[in-house]
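Keep the structure open while you read.

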Amino acid sequence: MEDQKKMEEFQAKIDARIKIEPKDWMPEKYRQNLIRQISQHAHSEVIGMQPEGNWLTRAPSLRAKKILMAKIQDEGGHGLYLYCAAETLGVSRDQFIQWLHEGKAKYASVFNYPSLTWADMGAIGWLVDGAAIVNQVSLQRTSYGPYSRAMIRICKEESFHQRQGYEIMAHLANGTPEQRAMAQDALNRWWWSSLMMFGPHDSDSAHSKDSMKWGIKLETNDDLRQQFIDKTIPQAELIGLKVPDDNVELLPNGSYKTSDIDWEEFWNVIKGYGPCNTKRLKHHKKAHDEGAWVREAAAAYAEKKAVEAVG
Amino acid sequence: MNNLEKYSLRVADSSWILGCRLAEYSSNGPFLEEDLAITNVGLDHIGFAESLYKYTAELLADGTTADDLAFKRAEHEYYNVQLVEYPNEDFAYIMARQFLFDVFQYYFLEALTDSKDETFSALAKKSLKEVTYHLRRSTQWMYRLGDGTEESHDRLQKAINHLWMYTDELFYMNDVDKDLLEKGIAVDLAKVHLEWKEKVKEVFDEATLEMPDLPKFSLKYGKDGFHTDYMGYILTEMQYLNNKYPDAKW
């Protein structure tokens, strides 16, 4: 009975758009759902440092290199805010990292694709960050306070990333024939994986129903994906590039009809069989393992100093 | 190229190559906060190098751009010190390289603020604020690793012992230095050497580390255009797109 009453009060708060804070009562499934989603989001930011990091040593100008470094640093910073938000649910960052390494926690599947040319730095910013923003703008209104506040901060930086990605693409599209081909090739390779970022059709989404009821998620996967498509196709046309889909059709309502996603590839990459799944996790684990002695040293030194301060 | 241009380029090159090395370390840090901090230091170095490349390009006044200077020279036309070329072997090497260079750069810039060249003086003042922070950070890591665990102490001591051979070059003065020192433009590196030794000793003592006592190695220096085996690979990657597509603008 007690729980029933708490549950009703909880749902009333959600419906009234009052934020849930860490010390408030919440249903266990709500907590678990958030732990899964926020940690997955944090891991995505951190693993997302790798495909762009692949071009750090090859960035072609001083400005390009500085922007790329700053952008990757921002992604890591987003990972930090999100780990902090997730930790308010009673799980430590070490535990989140362990779950990632054990394959129990996921990250955005889009980062399991390789970044083959410099144009990928444009395509990732424009498309991958562009898709992330559509999702994150919606999540600014999410029901859990710390997650919502992290999203508000993150959105400000992501829109800068999206603009700089588009700037790279526009620059290449107006460059030499080789640069132009590079830009089109990157769009071809990143288009579908960006559309996949919104997740399965709502009818196939395991967590969508509860997440919507509890205000964790406010719009459906398909609605968000459509918003992204409608925004992005005209941007491609503006710089003379074409999305790799022969069935694109502008509907009278101003929305675009597109081909369906290759769902077999989508599920296959999620299950771990994408081009870079093994590489990304191995890299993260290697850096973490190689850093163990450094973390131990820092902890040992801090302890010595604390003892000296007391003594 | 005259001596002023060479000097400007040399100071820029050391920060540029170190910045490249630090950038390369992104996503490899022992924990996220440290990963981001290292990128931050790298960005400061690249920003400082960029200012000097722009200044050098202005001095040259022949249409050469800052990017041309950073990306389009042959290996022997780079004048950075060899210390900054050393690979990111592990966190101990990275921090040892950083500390040895930070101490040098701190005293070097402090002296450069008095340069009769107004651009050098202004850039040194601006950069000194950043380098003060870099030095504080790498000093903290000398303490943490040196006086942390037995393993961290041994790893750091080993890295210091190995990198020590590259520290002589920091204070080597060639004709460029001698000429510009007379004109009140360049820094007296003999003086910087004394300050560097004193500071390094002080931090090592506190960190329970030993100052290596090694003879001078037989090296030809980066300041004269001679580099380590590692330099060619840094340039191969850094210059890849500019080499492959010489007509393209990025």
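Predicted model: local features only at pLDDT ≥ 70, side-chain atom pairs only at ≥ 80, totals over all residues.

The scale here goes by other C-beta atoms within 10 Å of a residue's own, with C-beta atoms placed from the backbone: 20 or more is buried, 12 or fewer is exposed, and in between is partly exposed. A:Glu9 sits in helix H1 (residues 2-15) of chain A.

Residues are numbered from 1 along each chain as its sequence is written, and chains are lettered from A and ligands numbered from 1 in the order in which they are written.

A:Arg17 is in the loop between H1 and helix H2 (28-47) of chain A. A:Arg17 is exposed, with 9 other C-beta atoms within 10 Å, and its phi is near 60°, a positive value in a residue other than glycine. A:Gln98 belongs to helix H5 (residues 93-101) of chain A and counts as partly exposed, with 13 C-beta neighbours inside 10 Å. A:Gln98 and A:Lys285 are 187 residues apart along the chain, yet their C-alpha atoms are separated by 9.3 Å.

## Chain A overall

Chain A has 13 helices and two strands. Both kinds of element are DSSP runs numbered from the N terminus: helices are H or I with at least four residues, strands are E with at least two. Along the principal axes, the C-alpha atoms fill a box of roughly 70 × 50 × 35 Å.

The radius of gyration of chain A is 21 Å, which agrees with the value near 19 Å that a compact globule of 311 residues would have. That radius is taken over C-alpha atoms, and the globule rule is 2.2 Å times the number of residues to the power 0.38. Of the 311 residues of chain A, 41% count as buried. Take the contacts in chain A between residues at least 6 apart in sequence, and 74% of them join residues at least 24 apart. A contact here means two C-beta atoms, placed from the backbone, that lie within 7 Å.

## Chain B overall

The C-alpha trace spans about 55 × 40 × 35 Å along its principal axes. Chain B has a radius of gyration of 18 Å, close to the 18 Å that the globule rule gives for 250 residues, so it is as compact as a globular protein of that length.

Buried residues make up 46% of the 250 residues in chain B. For contacts in chain B with a separation of 6 or more, 74% come from residues 24 or more positions apart. One loop residue to look at is B:Thr208, between helix H8 (189-206) and helix H9 (231-238) of chain B. B:Thr208 has a phi near 60°, a positive value in a residue other than glycine, and is partly exposed, with 14 other C-beta atoms within 10 Å.

## The nonpolar core

The largest nonpolar core has 148 residues, and those with the most contacts inside it include A:Leu68, A:Ala183, B:Leu83 and B:Ala96. The largest share of this core, 15 residues, comes from helix H4 (residues 91-112) of chain B. A core is a set of buried Ala, Val, Leu, Ile, Met, Phe, Trp, Tyr and Cys residues joined through C-beta atoms within 7 Å. Leaving out residues up to four places away in sequence, B:Ala96 touches B:Leu156, B:Ala159, B:Ile160 and B:Leu163.

## Where the chains meet

In the contact between the chains, 38 residues of chain A meet 43 residues of chain B. H4(A) gives the most to the side of chain A that touches chain B, with 12 residues. That side divides into 18 nonpolar, 12 polar and eight charged residues. Here Ala, Val, Leu, Ile, Met, Phe, Trp, Tyr, Cys and Pro count as nonpolar, Asp, Glu, Lys and Arg as charged, and the others, Gly among them, as polar.
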